[in-house]
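Below is a short briefing on one chain.

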Amino acid sequence: MTRLRFNLAHRGLLDELRTVMDFDRSGRRDKVVIDKGRAFGAYPFFRDPAVGAPDDCYDITDHLPVRHRLDALSLSGRWLEIQGLAHIHRVDTHEPGTVVVLRERESRAEYPFPPRSTGTADLTKPEGEGLYD
């Protein structure tokens with residue numbers, strides 16, 4: 001949000017700056033836009049060609065907290081069952097791109113597996129974020 005404010009102020013876009021400041025003071029945060037492996041805050045004027053603020057003003061990739069929890073782990077023959085949950089704060093999960101990666105300690109070799117995901121109703125409700133899918 002700070003990068004966006006400075007960008008608008010530097011370019012003399014004062015009406016747009018007021019809109020962004022009002023949005024910031026409201027405490028409301030819209031969903032995150034994921035594009036080409038980066039996460040962007042859907043703040044006012046995001047990718048609005050009339051305003052022309054660059055994407056890096058909206059890039060929040062390095063600031064998204066990942067929430068995760070391992071509940072159970074069991075091995076039955078050749079089957080490893082992992083139970084738990086994971087989500088990225090403010091990101092919808094209706095089309096998850098989740099991969100479980102097992103990594104050998106010594107060689108650091110990685111083995112990716114697509115998990116069987118199950119929706120968890122109200123997963124983010126305790127954090128006051130129940131509005132996300």
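The chain has two helices and six strands, where helices (H or I, at least four residues) and strands (E, at least two) are DSSP runs numbered from the N terminus. In sequence order the pattern reads α-α-β-β-β-β-β-β. This is a predicted model, in which local features need pLDDT of at least 70 and side-chain atom pairs count only at pLDDT 80 or more, while totals for chains, interfaces and linings use all residues. Residues are numbered from 1 along each chain as its sequence is written, and side-chain values use heavy atoms, with hydrogens and water left out.

**Whole chain**

- Of the 133 residues, 22% count as buried; buried means under 20% relative accessible area, exposed over 50%, and partly exposed in between (1.4 Å probe, protein chains only).
- Among contacts with a separation of 6 or more, 40% come from residues 24 or more positions apart, a contact being heavy atoms within 4.5 Å.

**Helices H1 and H2**

- Helix H1 (residues 2-10) packs with helix H2 (residues 14-26) at an angle of about 160 degrees, and their axes are 9 Å apart; axes are lines fitted to C-alpha atoms, for helices over the stretch in contact, and angles run from 0 to 180 degrees between N-to-C directions.
- That angle makes H1 roughly antiparallel to H2, because angles over 145 degrees count as roughly antiparallel (under 35 roughly parallel, 65 to 115 roughly perpendicular, the rest oblique).
- From H1, Leu 4, Arg 5, Leu 8 and Ala 9 meet Glu 16, Leu 17, Val 20, Met 21 and Asp 24 of H2.
- The residues of this contact divide into six nonpolar, no polar and three charged; Ala, Val, Leu, Ile, Met, Phe, Trp, Tyr, Cys and Pro count as nonpolar, Asp, Glu, Lys and Arg as charged, and the others, Gly among them, as polar.

**Thr 2**

- Thr 2 lies in helix H1 and is partly exposed, with a relative accessible area of 48%.
- The C-alpha atoms of Thr 2 and Cys 57 are separated by 8.0 Å, with the two residues 55 residues apart along the chain.

**Asp 59**

- Asp 59 sits in the loop between strand S2 (38-41) and strand S3 (66-76).
- Its relative accessible area is 16%, so Asp 59 is buried.
- Leaving aside residues up to four places away in sequence, Asp 59 touches Arg 3, Arg 38, Ala 39 and Phe 40.
- The side chains of Asp 59 and Arg 38 make a polar contact (3.0 Å); a polar contact is a pair of N or O atoms within 3.5 Å, and within protein one must be able to donate a hydrogen and the other to accept it, with residues adjacent in sequence counting only if both atoms are side-chain atoms.
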